Amino acid sequence: MVAAMTTEHPLERYMARAIELARQAVGAVSPNPPVGAVVVRDGHIVGEGHTQPPGQAHAEIMALGDAGEAARGAELYVTLEPCAHQGRTGPCTAAIIAAGIRRVHIAALDPNPLTDGRGVHALERGGISVLLREGNLESLELIEAFTKHVTTAMPFVVAKFAASLDGKIATRSGDSKWISSIGSRAYAHALRASVDAVMVGIGTAIADDPQLTVRDAPLSGDQPTRVVVDTHGRLPLTAAMLGEPGSTIVVTAGASPERMRALEAVGAVVIDVGTGPAVDLAMLLTILGSRSITSVLVEGGSRLFGSLFDAGLIDKVVGIVAPVIIGGDGAPGPVGGHGAQTMPDALTLSGVTHREIEGDIVFVGYSEPTPPHLRRKKGG
């Protein structure tokens, strides 16, 4: 049986190193999960690795290769249950057994129905002792987008906005540069680097002409796909994002064929989701999920935020509050839509954390009482 560990292990630093390695894979390995692994022998790390881009080696294989013969009789610390099935690569459990690992420490079970406990059982059948290190929130957060996508076929959706202390995202004239600090803007670029796609509404695309690229943070993979929700295909053909590296998807709902052809001629990928009065956002997310987009960062505007919140399509919220007062009856707030009728109807975030960046306070929370990445059953 798997031994469930609920107290801190004396060798917790090895799992911490595995998590550190997994973070290096974030943004570069989708639709696979970012995983880190270390091989430990006689109290020393003798091999380490993290997930490589799709079709290449998983973290365990990288760590075993780094350790070489030193892996025989050693222990393996891995942030996610090793796979036991044949995919683009062979099963990691077979490689672990063949390498002579004697014990495996696992931070989280794999939510993929193809694994989800089968990796543990395969290791045990191979004579390897398995310790499940339950409750490591860092390792679970690392795979939250993978968990959502592999269990629902839809991407994990993060809403990110910056607002003044009095809840405004711009002045009454529309000026919004800049509400947040330089450090907060770098943090926002790091968020972009961690996701598969960045989404905005057409109002934001026209008003701000954003590039929607990662510029002020390290980027380990490709630029995230840019998605513009644009019912009538109004994105200017000279939009800055169309000249940036990577792909731009323009999502319409009954735009004219001429307009769609014009957008395609300047490099956009046009997806039309019907002739309704607005883009069906649930259908859009389903389409993005089918394209192996596992995570989406929504950056505005208020109408798009409102529609997503009203439809219950937001999984996580990142709200940056700057210590400035804008004021003005005509100054907009970050979230439009129908909103709550009464206070009991208001969305209360769960699992909320906060941090300070150059005077700004960054709040991060989840839209459901139990975030998707924490809806895990006990292993055994």
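Is Ser 292 buried, partly exposed or exposed? Ser 292 counts as partly exposed, because its relative accessibility is 36%, where buried means under 20% relative accessible area, exposed over 50% and partly exposed in between, computed with a 1.4 Å probe on the protein chains only. The structure is a predicted model, in which local features need pLDDT of at least 70 and side-chain atom pairs count only at pLDDT 80 or more, while totals for chains, interfaces and linings use all residues. Residues are numbered from 1 along each chain as its sequence is written, and side-chain values use heavy atoms, with hydrogens and water left out.

Ser 292 sits in the loop between α10 and β12, helices (H or I, at least four residues) and strands (E, at least two) being DSSP runs numbered from the N terminus. Although Ser 292 is not a glycine, its phi is positive, about 65°. Ala 153, likewise not a glycine, has a positive phi of about 70°, and this residue is found in the loop between α6 and β7, where a relative accessibility of 43% makes it partly exposed.

Between His 149 and Pro 111, which are 38 residues apart in sequence, the C-alpha to C-alpha distance is 9.9 Å.

An α-helix has 3.6 residues a turn, so residues three or four places apart point the same way.

The aromatic rings come next. Rings of Phe, Tyr and Trp (its six-membered ring) pair if their centres lie within 6.5 Å, and planes under 30 degrees apart count as stacked, over 60 as edge-to-face and the rest as tilted. By this rule the count comes to two aromatic pairs. In one of them, the rings of Phe 161 and Phe 305 have centres 5.8 Å apart and planes at 70°, so the pair is edge-to-face. This pair links distant parts of the chain, with Phe 161 in strand β7 and Phe 305 in helix α11, 144 residues apart, and both residues are buried.

The bond that joins Ser 30 and Pro 31 is cis, with omega about 10°, and Pro 31 lies in the loop between α1 (12-23) and β2 (36-41). The bond from Gly 300 to Gly 301 is cis as well, with omega near 0°, and Gly 301 lies in the loop between β12 and α11.

The largest pocket has a volume of about 1,400 Å³. Of the 49 residues that line this pocket, Thr 204, Asp 208, Glu 299, Gly 300 and Gly 301 are the closest to its centre. On a 1 Å grid over the protein atoms alone, a pocket is an open set of points where a 1.4 Å probe fits, with protein on both sides within 12 Å along at least five of seven lines, and lining residues have an atom within 4 Å of a point. Grid points are joined across faces, edges and corners, and a volume is the space filled by probe spheres set on the points. At least two lining residues each come from β7 (156-164), α7 (182-193), β8 (197-201), α8 (202-208) and α11 (302-310).
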